[in-house]
Every structure is written in structure tokens, then in C-alpha cells.
Amino acid sequence: MVDYLKVVEAGIGVETAWNIHVTGVERRGDGTTLHLSTTVGEVQTRNIVCATGAAAHPRLPEWATALSVPGVAIHTSSYQYPRQIPTRDVLIVGGGNSGLQIARELAASHTVTVAVRTRRAHRPLASYPLAAGGRRPLFGGDFRPEPVFGDSYERLQQVGVRVVPGVTDARGGAVTFADGTTASPGSVIFATGYLPGDDWLPDEARIRGPRRTTTPVPGLFVAGFPQYSRSGVDTIAGVSADATAIAHHIINRP
Ligand SMILES: Cc1cc2nc3c(=O)[nH]c(=O)nc-3n(C[C@H](O)[C@H](O)[C@H](O)COP(=O)(O)OP(=O)(O)OC[C@H]3O[C@@H](n4cnc5c(N)ncnc54)[C@H](O)[C@@H]3O)c2cc1C
């Protein structure tokens, strides 16, 4: 992927500036110029694309801070390999694709329990990313949970993984499941998803919200956020739909 991105950069002549964090964007004066605030100063420009990722920050449940286990409690973004989990038993909170893939890997060496709040449909791996697609409503509403690809819950149970209801609370070393039962896991992995990196967008862009890549702020666009666009734009293959639309908008701007 790094090699690919280098080829793209060289091919289209893009110069990348690293280690700069964007903190906000503002429209000033007659509004034709946008002011981008960054950790190294301000930039003035006519067009800005917010492409800071639909999965930018780990999402943790509210009760995560009240949990204290003898082993480790980590988010999937920090998980790399089974030896990171020092205890024999591990509770994975979240039964989406990340949770199930890690459960499969740990099943060979650990006693694994997966807490599943919403069971998802199962689709064969070969059907990704097409089966992940479909339209989602704009601005909230009930997003259809993405199916799980690869192992189903039943298949994991056959290799010894316990599947239990979602976790509703935790205190000290004990977690409570939705059916009222409790457990004291040795380690916990939060497979609870991510928050989008759109936190630096101005309120003005949020009042009505972006609509399929455009926002109420002329010249400010968003790419790769399914909640603003459609399902699938947060995949490597799918984001080109947003990118192409934005390129057309910018070229055709008066
Ligand atoms: C667990 C997981 C598994 C996935 N598996 C697949 C898969 O199998 N196939 C697939 O197609 N896709 C997969 N995806 C999705 C894939 O990661 C995305 O499609 C892709 O990374 C999106 O690219 P992006 O450029 O939109 O966002 P990102 O790759 O998230 O890039 C966003 C960039 O913005 C930077 N950034 C964030 N905030 C700021 C800020 N304020 N200022 C400056 N920079 C900022 C970040 O540092 C990052 O470099 C997966 C995602 C996850 C989380």
C-alpha cells in the first residue's frame, strides 16, 4: 500500500507534508477563500477535501474506564498478535468483522468469549466488498450493520469460541452481559469500532451536514465517510466514487 501511494504521488505530482494536524476550517470575508488551521500555521485555499478517515479514532464503551482486569484491556487498533494477551482467557467485546477475525486467531491459543450485541448476517469472504455495499440513509437513521465475512458465529463456536450477549456494564474486574449474567475476564479486547475523523469540520458544515461529498461551505468537501455519502465509500475500492465526484465539483466551480 505504501509503495502504491508513492507511485500515485509521483504520478500526479502531489507533494505530501507529514506530521501536520488540521484543527479547523473557517470561511472569512466574502467567503471565496477558506482558512485551514493546522499545527504549523494557517493555509488559505479555495478548496479543501476532508479525507481524514471514517475510522480515525478508537471507539470505547462508556464503562471501559471502570474496568480493571489482571491482564490487558486493549482496543483492536492496538492488537497485533496473540502473545500480547498474557492471560489464558480473553473476552472480545463486539461481534463485527474485527472481533470475529481476532477470535479466530486467538482460538488456537486462548479461551475466547465473544460478546455480541447485534448478530450480523454472514456472507462469504469472496463477496466483499460488494456485499458490504447498498445505500444507507443520510444523516443518521438505522445503518444496516455490515455483514460478517469469513467465519460465522456458528463456525467459531465449533472451534471452541463462546458467543454471549453484549456487555452492558463493568465495575472493577466484573462485566455484566445483557442477559444479567456476569464474568471476570482475564483480558479484554474492545472490538467496538471507530469514530470518524470529521471532528475538525466547522459547525457551519454540520448544520445541514455534508451531502454526498459537498457541504454547505462552498469549497469544503468530504470523502470516504459512509454516514455522509453511501455505504462502501470507506473501502479502498469504494472511495473512488466520492473522489471522482469531488474532482468534478472542483473543476466545475465558478
Ligand atoms: C479494521 C479495519 C479493516 C479494514 N479492512 C478493509 C479491507 O479489507 N478492505 C478495504 O477496502 N478497506 C478496509 N478498511 C477500510 C480502509 O482502511 C479504508 O478504506 C481506508 O483506509 C480509507 O482511506 P482514507 O484515506 O479515507 O482514510 P484513512 O486511511 O483513515 O486516512 C486518514 C488520514 O487522515 C489523517 N488525519 C486524521 N485526522 C487528521 C487531522 N485532523 N489532521 C491531519 N490529518 C488527519 C490520519 O492520520 C490518516 O493518515 C478497513 C478499515 C478498518 C478500520
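A residue counts as buried here if 20 or more other C-beta atoms lie within 10 Å of its own. By that rule, 26% of the 254 residues of the chain are buried. Keep in mind on this tour that the model is predicted.

Start with the whole chain selected. Its C-alpha atoms fill a box of roughly 60 × 40 × 35 Å along the principal axes. Switch to a cartoon view, and look for five helices and 17 strands. Taking the contacts between residues at least 6 apart in sequence, 59% join residues at least 24 apart.

Next, colour by pLDDT. The average over the chain is 91, and 95% of the residues score at least 70. Now select residues 137-142, where pLDDT stays under 50. For this stretch the model has two contacts beyond four places in sequence. Where pLDDT is low, the predicted coordinates should not be read in detail.

Then colour the domains. Select 2-55 together with 196-251 for domain 1. Select 57-124 together with 136-194 for domain 2. The C-alpha centres of domain 1 and domain 2 lie 32 Å apart.

Finish at the ligand. Which residues come nearest to the ligand? Of the 18 residues around the ligand, select T52, G53, G224, T235 and I236, which come nearest. Then show the whole shell around the ligand: its residues divide into 10 nonpolar, seven polar and one charged.

Notes: Residues are numbered from 1 along each chain as its sequence is written. This is a predicted model: local features need pLDDT of at least 70, side-chain atom pairs count only at pLDDT 80 or more; totals for chains, interfaces and linings use all residues. Helices (H or I, at least four residues) and strands (E, at least two) are DSSP runs, numbered from the N terminus. A residue is buried if 20 or more other C-beta atoms lie within 10 Å of its own, exposed if 12 or fewer, and partly exposed in between; C-beta atoms are placed from the backbone. Two residues are in contact if their C-beta atoms, placed from the backbone, lie within 7 Å. pLDDT is the predictor's confidence in each residue, from 0 to 100. Domain bounds come from an automatic or database domain assignment. A residue is near a molecule or strand if its C-beta atom, placed from the backbone, lies within 6 Å of it. Ala, Val, Leu, Ile, Met, Phe, Trp, Tyr, Cys and Pro count as nonpolar, Asp, Glu, Lys and Arg as charged, and the others, Gly among them, as polar.
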